[in-house]
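I opened a notebook page for this structure.

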Amino acid sequence: MKIGVNTRFLLKNKMEGFGWYTYETMLRITQQHPEHEFIFFFDRPFDEKFIFSDNITPVIVHPPARHTILQKIWFDYSITRALKKYECDIFVSPDGYLSLRAELPQLAVIHDLNFEHNPQDVPKDVLKFFKKRFPLFAKKAARICTVSNFSKKDIMETYGISADKIDVTYNGVSPLYKVIEESIKQEIREKHTEGKPYIVFVGAIHKRKNVQRLIEAYKKLKKDEKIPHHLLLVGEPMWNSEAIELEPEMKEFIHFTGHVSINDLAEIMGSATCLAFVSYFEGFGIPLVEAMQSGVPILAGNKTSLPEIGGDAVLYCDPYSVESIQSQLHLLLSDEKLRNSLIEKGLERAKDFSWDYTARDLWLAIGKIIDN
């Protein structure tokens, strides 16, 4: 079979969620299935490190698809022509976008539907595009994969898709995330927080990540409890409008790193006192698994997929309540016995998530199309 793959999020030195899902699954699938040919469709010049094996043909398809109008052109016209030119039998899209004009069977990985439930979180032009196109993608797909049972149920109920068309492929976690020895932790603290212990947040600075309420809760903790911890926020604003301004007196304690490499991120995560991931909407929440595998206790929001992923290895709060975030964060920071219990449970829980499992399950879903 010739399998076309949307690889537009394989970006050198700038990998985010869709990119890592594409990288980790396609690295394994292409190497494990030399009997098939894979056509990787990029929308800009690519790094050779993304050509994982000899059965991959890389193709640059124009125009670069980062604006809604260009995305429509890329998927409906450029990709449609490219799929026909390279005689693809299947099209796999790890970011959920499909060609609405192509006739071949397509598999969409739809990670979540936050925009359907929290439209205020998305710029108006993007929201209009998503709300019009994603119901069409869901219906067009021969199969859909998603990253949690929560998201599966959401796609079923929101778009009227039958359960037997959707497969759950949980995300995995890189082996770079691991328990770090104390001397390295201190080096990382010196580098980022003047040697002070810190609470870490990892993710795009996006409204649904709830960073503003986390900051408010942290400020109250700093004032009321005089905690020594700094707050380290790792990630970039998803939209330009989402940059957060701090009061001058808080800039000493709250730090924005911007985008960091996965090696740096693993060290930052492993050196934290705890992860605060109080998002109010997630399809999965990869930082939870990264923290668990790093032996770092977690405070997470109690909504959507996060309790499914964290199980009893995570302390939860109401993400809509600054008071709940503050009180639960204080509990986590002040109760060493609780932290140790969560660390132990988290290390065990993390074993349930692996990119090997994700690739296996995605391939099984592709196989259902091949077998038909």
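Terms first: I take helices (H or I, at least four residues) and strands (E, at least two) as DSSP runs, numbered from the N terminus. The model is predicted, so I use local features only at pLDDT of at least 70 and side-chain atom pairs only at pLDDT 80 or more, while totals for chains, interfaces and linings use all residues. Residues are numbered from 1 along each chain as its sequence is written, and side-chain values use heavy atoms, with hydrogens and water left out.

**Entry: strand β9**

I looked up burial in β9, residues 230-234. Buried means under 20% relative accessible area, exposed over 50%, and partly exposed in between (1.4 Å probe, protein chains only). Five of the five residues are buried, so β9 is largely enclosed by the rest of the structure. His230, Leu232 and Val234 point one way, Leu231 and Leu233 the other.

Next I checked pairing, which needs at least two DSSP bridges between two strands. β8 (residues 198-202) pairs with β9 in the parallel sense over five bridges. Phe201 stands opposite Leu233 in β9. From β8 the chain crosses through helix α7 (residues 211-225) to β9, and this β-α-β crossover is right-handed. Right-handed means that, with the strands pointing away from the viewer, the path from the first strand over the helix to the second runs clockwise.

β9 is also joined to β10 (residues 254-258) by four bridges, and the two run parallel. There I found Leu233 opposite Phe256 in β10.

I moved to β11, residues 274-277. Cys274 and Ala276 point one way, Leu275 and Phe277 the other, and all are buried. Two bridges join β8 to β11 in parallel. Ile199 has Cys274 as its bridge partner in β11. β11 and β12 (residues 298-301) run parallel and are joined by three bridges. Leu299 in β12 is the bridge partner of Ala276. The chain passes from β11 through α9 (residues 286-293) to β12, again as a right-handed β-α-β crossover.

How many residues of α9 are buried? I count eight of its eight, so the note reads "mostly covered". Among them are Ile286, Leu288, Glu290 and Gln293. Gly295 follows α9, and its phi is positive, near 70°.

**Entry: second largest pocket**

On a 1 Å grid over the protein atoms alone, a cavity is a set of points where a 1.4 Å probe fits but cannot get out; a pocket is an open set with protein on both sides within 12 Å along at least five of seven lines; lining residues have an atom within 4 Å of a point. Grid points are joined across faces, edges and corners, and a volume is the space filled by probe spheres set on the points.

The second largest pocket holds about 170 Å³. Thr68, Ile69, Lys72, Asp125, Lys128, Phe129, Lys132 and Arg133 line it. Two or more lining residues come from each of α2 (68-85) and α4 (124-140). α4 gives the largest share, five residues.

**Entry: Thr358**

Is Thr358 buried or exposed? Thr358 counts as buried, at 1% relative accessibility. Thr358 lies in helix α13 (residues 355-371). Contact means heavy atoms within 4.5 Å. Leaving aside neighbours within four places in sequence, I list Tyr21, Thr25, Thr169, Tyr170, Asn171 and Gly172 as contacts of Thr358.
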